Amino acid sequence: MRDDAPSERIAGGVRESHRHDSAHKHVSGEAVYIDDLAAPAGLLHAYPGLSERAHARIVSMDLSTVRAAPGVVMVLTAEDIPGVNDISPTGLHDEPVFADGVVQFHGQVVFAVIGESRAQARRAARLAEVEYEDLPAVLDIAAARSKAELVTEPLTLTRGDAAAAIEAAPHRIEGRMEIGGQEHFYLESQIAMAIPGEDDEVLVHVSSQHPSEIQHMVSHVMGVPSNAVTVEVRRMGGAFGGKETQGNLFAAIAALAAKKTGRAVKFRPDRDDDMAITGKRHDFEADYRAGFDDDGRVTGAEFTFAARCGFSADLSGPVTDRALFHADNAYYYDAARMTSLPLKTNTCSNTAFRGFGGPQGMVAGERVMEEIAYALGKDPLEVRKANFYGGPGRDVTPYHQTVEDCVVGEVVEQLEAKCDYWGRRQTIREFNAGSRHIRRGLALTPVKFGISFTATQFNQAGALVHIYTDGTIHLNHGGTEMGQGLFTKVAQVVAEEFQVDIDKVRISATTTGKVPNTSATAASAGSDMNGMAAQAASRTIKDRLIEFAAEHWQAPRDQITFLPNRVRIGSEEVPFADLVKAAYNARISLSSTGFYKTPKIHWDRATGRGRPFYYFGYGAAASEVTVDLLTGEYRVDRVDILHDVGRSLNPAIDIGQIEGGFVQGMGWLTTEELWWDDAGRLRTHAPSTYKIPACGDRPKIFNVELLAGATNREETIYRSKAVGEPPLMLAISVLHALSDAVASVADHKICPRLDPPATPERVLKAIDALTRANQGEAA
C-alpha cells in the first residue's frame, strides 16, 4: 500500500493482488485471439512455400502446378512486391520477405500461396518444382568461427588491463562453455490477418510485441506511407521475444495478399513450419579466462561470446551486446575484457528471447564462479558472496556504469537463512556419502539484471486516456499484452490516479491508430514506461478536474481530494461521475495523451561506456535436485526464490511471472535441445521432438517470496521494479544444483563443466567423465 494511501481502498488499485483482466477468459476459452475473430466475408488464407536447402542458388522455379491447384487464388513471389523486399528490423536490408535468387536457410520462405481455404493453400504449397544449385553451408558455431563472417559489428567492453591482471593473479582458470538455444514455443503460433481498406489503406491484426514495427515493415513492403497501415493487437498467446520482430514476415505477406486480391487474408503457419521459419534464443560458445586470489575474488576476467546468429542480423547485435553486459552478473571484476562474435550461419535468423542475451552471459559468469570454487576447494556460495558488487571501489561495471542500488547481498543473506542452505548442504553431503546410485545436489545463485533498452531511443512510451460522462474510463497505450499482466497493471495505475474501482477502467487493444511510434513491449520495461505514460495522461485530466472543481465550488485546490469513487471538495463530497458530468457541461476536456521517456540513461557503443540501464533488478534462487547416476535422469525437488520487485504493483501477477520465468529458464537449461541435421534441417520442430517443461517437471516444493520492504531508488511507477525477464535467470541454480550432484561422484574435487541444456544424456556423460577422471586420479 502507498504510504499516503487512504485507509479506505478502491477495488483494484496499485499494490493489490488483482486478477489478470483476462484470467477467467484464458481458463474458459473465451479470450479472443486472432484465429478466433469472426471471419470477414471472402476471407482467404496464405501458406508459405519453403526452401529445401540450407544455402543454394535457385536455378529455376516452376509454380504452374501450384497455381493450377484447387482453391488457389494467387501465388506471390519477390517479383510481386511493390515496395521493398526487406523486413530487417535494423535497416541492414539483409532479410527478404521472399528469397530472391538465393536461399540462405532450410525453411526460408520462397513464395506464398493464397487460397480459398488454409488446407488448399497448404497442399498447393507442396507442389512447387524448384531446382537448386547447392552452395557451401555454414551450420554451426565451429564452422562459422572458421569462416569468420559476421552479421553485424561486434562489441568489446574493457575496464582495466584484464590480461595483465590474470597473469599476475595467484590462481587462474580458463575454458570453453557451450550454451544451447531455445525455441519460444508460444501457445499461439505466429499469425496475421489483413483487411484491405480504401485507397492504399490496410488494417492488420497481428500477434506481435511491436505494432509500430509491423506498421513500418508493411508500409515499406507495400510502398505506402505509415499512415496507410493500422496495426491492432488485443492479446497474444505468449511471445517471450519471439514476436518482437518475427511477426514482420507474416503481417507483410498477409497485407500484400489482401491489397492484391481486395479480400481479407489470414496467415497462420503450422507449428512445425513456424518453428522452422522463425528465430530462436541464440546458442553461444563462451570462452573464458580468469585470475583470482586465495579468497576466490576475481582480479581479472576475459570472455569471448561467439553466437550462432543465423543468416541475417535481426536483433543479434543488441542480443550479443547484452550478453557482455551480464557476464558479470552480480560480481565485480577488478579488470575485464569482453568481446562478442555475432556469427553468420545458414540457419534461421535468431532473435530476441526473454533475457535478450543476458541469460547466456550470466551462465558464463556463473561457470567462472563455479570453477574458482572447485579450484580452491570452497563452497560455490562462498565464492559468489566474496565477489558481489559493493561500495566505492567495487561498484563499477565493465561498461563503466556505477551500481548504485545493489541489494544482492541482502537478498542472498535472507534466502540463505530462509532456505537453511548450510543445514541442507550438510544433510545432502551425508546422504550422498551413503547412497551408491542416487545423488542430490544444491546450489544458490543470484541475479542482477539491467532494466532498459540499450538502444536509448526505444525508452519512450505513450498513452491515451478518455473519461466519459458517466465516469467510466477508456485506456489505451503502446504496450502489448502477451499474458504477462501489463494491461492489468496499467489499468491499476489509472484506477489509482483517479481513485475509482478498476472495473470503471476499460482496457482496449493496442493500436497504432491511437498511440503512435510505440516501442516494443520488451526489455522488461512495459510497466515502467506505459505505466508512467498512463499516469501522465491521467494527471493531466485530473489537474483539469481539480482546477474546474476549485472554480465551480469556490474551494481552494488544496482542499480538493480524490477519495474512493468520489471527490472531497471543501466540506462536500461529490461522486466521481457527477464531477465528470459537471466538468463536461462546463466544456472541460476529458481526454489526454501521456508521454514518458526514461531519464538518466545514455550509451556510447563506440567507446563501450555509459549508463545503459536505469536500474537493476535483483533476486536469488536455491535449488535442490536428485540425480540417478545410472541413467542421468533427475528431478527438481525444491526451489526457494526471493526476488526484488521494488514496491510491487500487483504481487499476485509478479509472483506468477517469477514462477513462469523460472520454469521457462529451467527448460532452457535442462530439457530443451535444438538440433539441426547435416543438411541444415531443424529436426526438433514439434512437441514430439522438442521437450518443454510439463506440469510434472515443476519443482515438488516451490517457495516464492517478494523481498519485503523493497523499493526502487529510481522514480519508477509507484517505485516498482520490472519482473518480466530477471526471474528466468534464477533457474541457473538448477543447472548448478545438477552440477553439484554430479560432482559428488568425484568428492567435489573436479568441476563437472556441465553445459546447458543439461539433458539426462549430458548429465550421464558428465557422470561417466568424472568417474573415470576420479579413478585415474586415485590410481
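Contact here means heavy atoms within 4.5 Å. The model is predicted, so local features need pLDDT of at least 70 and side-chain atom pairs count only at pLDDT 80 or more, while totals for chains, interfaces and linings use all residues. Residues are numbered from 1 along each chain as its sequence is written, and side-chain values use heavy atoms, with hydrogens and water left out.

Q: Which residues are in contact with Val110, leaving aside its neighbours within four places in sequence?
A: Val110 has its place in strand 5, residues 109-115, where strands (E, at least two residues) and helices (H or I, at least four) are DSSP runs numbered from the N terminus. With the close sequence neighbours set aside, the residues in contact with Val110 are Gly49, Leu50, Ser51, Ile58, Met61, Thr77, Phe98, Ala99 and Val103.

Q: How far apart in space are Val110 and Ala99, C-alpha to C-alpha?
A: Val110 counts as buried because its relative accessibility is 2%, given that buried means under 20% relative accessible area, exposed over 50% and partly exposed in between (1.4 Å probe, protein chains only). Ala99 is one of the residues that Val110 contacts. Along the sequence the two are 11 residues apart, and their C-alpha to C-alpha separation is 4.9 Å.

Q: Is Ala741 buried or exposed?
A: Ala741 is found in helix 18, which spans residues 732-743, and, not counting residues up to four places away in sequence, Ala741 touches Arg439, Arg440, Gly441, Val625 and Val627. Its C-alpha atom is separated by 9.3 Å from that of Leu629, a residue 112 places away along the chain. Because the relative accessibility of Ala741 is 0%, this residue counts as buried.

Q: What is the phi of Asp199?
A: Asp199 sits in the loop between strand 9 (192-196) and strand 10 (202-206), and it counts as exposed because its relative accessibility is 71%. Its phi is a positive value in a residue other than glycine, and lies near 50 degrees.

Q: Where is His748, which has a positive phi although it is not a glycine?
A: The phi of His748 is about 60 degrees. With a relative accessible area of 17%, His748 is buried. Its place is in the loop between helix 18 and helix 19.

Q: What is omega for the cis peptide bond that joins Pro756 and Pro757?
A: Pro757 lies in the loop between helix 18 and helix 19, the latter covering residues 760-778. The bond joining Pro756 and Pro757 is cis, with an omega of about 5 degrees.
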